[in-house]
Amino acid sequence: MSQEGSRLIYAVILAGGTSKRFGKTLPKQFVQVGKKALLLWSVSTFLEVVEIAKIVIVLPEEWFEFGKHLVLSNVRTDKLQFVSGGATRTESLLKALHFVQESYGLKDEDMAVTHDAARPFVRKDHIVRSIELCEKSWAVTLALPATDTVGISDGEKLVGLTDRSRTFIVQTPQTFRIKVFLELYERLTEDQRASLTDATGVFILNGQPVAIVEGDPTNIKVTTEFDLTIAETIAELLSK
């Protein structure tokens, strides 16, 4: 393992969803994009990052053996670990972090680089930059400056607008000190925990700023079949 000092860095690839919005029987993380399954794109990129000690892949319980076989049929390395996911994204992330804690222990400096498998085109340099920036702060996220004005709704009509110059579209990976994350999560109320949609919320709800690495427009999240069409085009461009 290539590490600085005694610090360890773990990747957590979240592929635990069942893709109810995707409109297919097969969860989207297993659908073929270009020449490989969606999940394998990000796994391959994370394997290029020598700073990472272990890669924990979170899979849906009902597709666990299928997903594990898919990965191990295409990738052979002792860096890979597999964990079954929870009912929500946050539960899946916590299961992965607790697996790391129970399997390897945790030091104050240990980090997790968390990423959605639904974002297949993460760049290696963004992962490395996130790790470097996390040396100086508790948490880091990829994010893109908003190019459109973002409205705030009361459910029926717009009631406000964000300041576009201060508005960012959050992406993954998100990198953080694991022990700090777990400690801050414990401080949240049940309502706050229920509102979480990503790892940065744990820090922001505790009043802790999150550093930004500017992301990439190709780092799309595949949610619908239309997104899959875009992903196919990006995959074709990347293969040239």
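Colleague: Is Val113 buried or exposed?

Modeller: In this predicted model, Val113 is buried, with a relative accessible area of 0%.

Colleague: Where is the place of Val113?

Modeller: Val113 belongs to strand S6.

Colleague: Which residues does Val113 touch, not counting residues up to four places away in sequence?

Modeller: With those residues set aside, Val113 touches Ile9, Tyr10, Ala11, Val12, Phe46, Ile127, Ile131, Pro173, Gln174 and Thr175. As for Phe168, its C-alpha is 20 Å from the C-alpha of Val113, and the two residues are 55 apart in sequence.

Colleague: Pro173 is on that list. Where is Pro173 found?

Modeller: Pro173 is in strand S10, which covers residues 168-177. A cis peptide bond joins Thr172 to Pro173, with omega at about 15°. In general, most peptide bonds are trans.

Colleague: Now to the rings. How many aromatic pairs does the structure hold?

Modeller: The structure holds 9 aromatic pairs. In one of them, the ring centres of Phe30 and Trp63 are 6.0 Å apart and the planes stand at 40°, so this pair is tilted.

Colleague: Which parts does that pair tie together?

Modeller: Phe30 lies in the loop between strand S1 (9-14) and strand S2 (32-33), while Trp63 lies in the loop between strand S4 (54-59) and helix H2 (64-74), so the pair ties together parts that are 33 residues apart in sequence.

Colleague: What do Phe30 and Trp63 count as, buried or partly exposed?

Modeller: Phe30 counts as buried because its relative accessibility is 5%, under the 20% limit. Trp63, at 23% relative accessibility, counts as partly exposed.

Colleague: What does Phe30 touch, not counting residues up to four places away in sequence?

Modeller: Phe30 touches Ala37, Leu39, Leu59, Pro60, Trp63, Phe66, Gly67 and Leu70.

Colleague: What about Trp41 and Phe121: what kind of aromatic pair do they form?

Modeller: Trp41 and Phe121 form an edge-to-face pair, with 5.2 Å from centre to centre and 75° between the planes. Trp41 lies in helix H1 (residues 38-47) and Phe121 in the loop between strand S6 (111-116) and helix H4 (124-134), so the pair ties together parts 80 residues apart in sequence. Trp41 counts as buried at 15% relative accessibility, and Phe121 is buried too, with a relative accessible area of 5%.

Colleague: What lies over the face of Trp41?

Modeller: Lys36 lies over that face, at 4.6 Å from the ring centre.

Colleague: Which residues do ring pairs link into a cluster?

Modeller: Tyr10, Phe99 and Tyr104 are linked into a cluster by ring pairs.

Colleague: On to helices. At what angle do H3 and H5 pack?

Modeller: Helix H3 (residues 89-104) and helix H5 (residues 178-187) pack at about 130°, and their axes are 11 Å apart. H3 and H5 are therefore oblique to each other. The crossing of H3 past H5 is left-handed.

Colleague: Which residues in H3 and H5 meet?

Modeller: From H3, Thr90, Leu93, Leu94, Leu97, His98, Val100 and Gln101 meet Ile178, Phe181, Leu182 and Tyr185 from H5.

Colleague: Where is Ile57 found, and what is it in contact with, leaving aside its neighbours within four places in sequence?

Modeller: Ile57 is in strand S4. Apart from those neighbours, Ile57 is in contact with Ile13, Leu39, Val43, Val71, Leu80, Gln81, Phe82 and Val83. At 0% relative accessibility, Ile57 counts as buried. The C-alpha atoms of Ile57 and Glu91 are separated by 14 Å, and these residues are 34 apart along the chain.

Colleague: Last one: is Gly151 buried or partly exposed?

Modeller: Gly151 is partly exposed, with a relative accessible area of 37%. Gly151 lies in strand S8 (residues 151-153). Not counting residues up to four places away in sequence, Gly151 touches Leu158, Gly160 and Leu161. The C-alpha atoms of Gly151 and Val75 are separated by 43 Å, with the two residues 76 apart along the chain.

Note on methods:
Residues numbered from 1 in each chain as written. Predicted model: local features only at pLDDT ≥ 70, side-chain atom pairs only at ≥ 80, totals over all residues. Heavy atoms only, no water. Phe/Tyr/Trp six-rings, centres within 6.5 Å; stacked < 30°, edge-to-face > 60°. Helix = DSSP H or I, 4+ residues; strand = E, 2+ residues; numbered from the N terminus. Buried < 20%, exposed > 50% of the residue type's maximum accessible area, 1.4 Å probe, protein only. Lys NZ or Arg CZ within 6 Å of the ring centre and 35° of its normal. Axes fitted to C-alpha atoms, helices over the stretch in contact; angles between N-to-C directions. Parallel < 35°, antiparallel > 145°, perpendicular 65-115°, else oblique. Left-handed = near helix turned anticlockwise from the far one by under 90°. Contact = heavy atoms within 4.5 Å.
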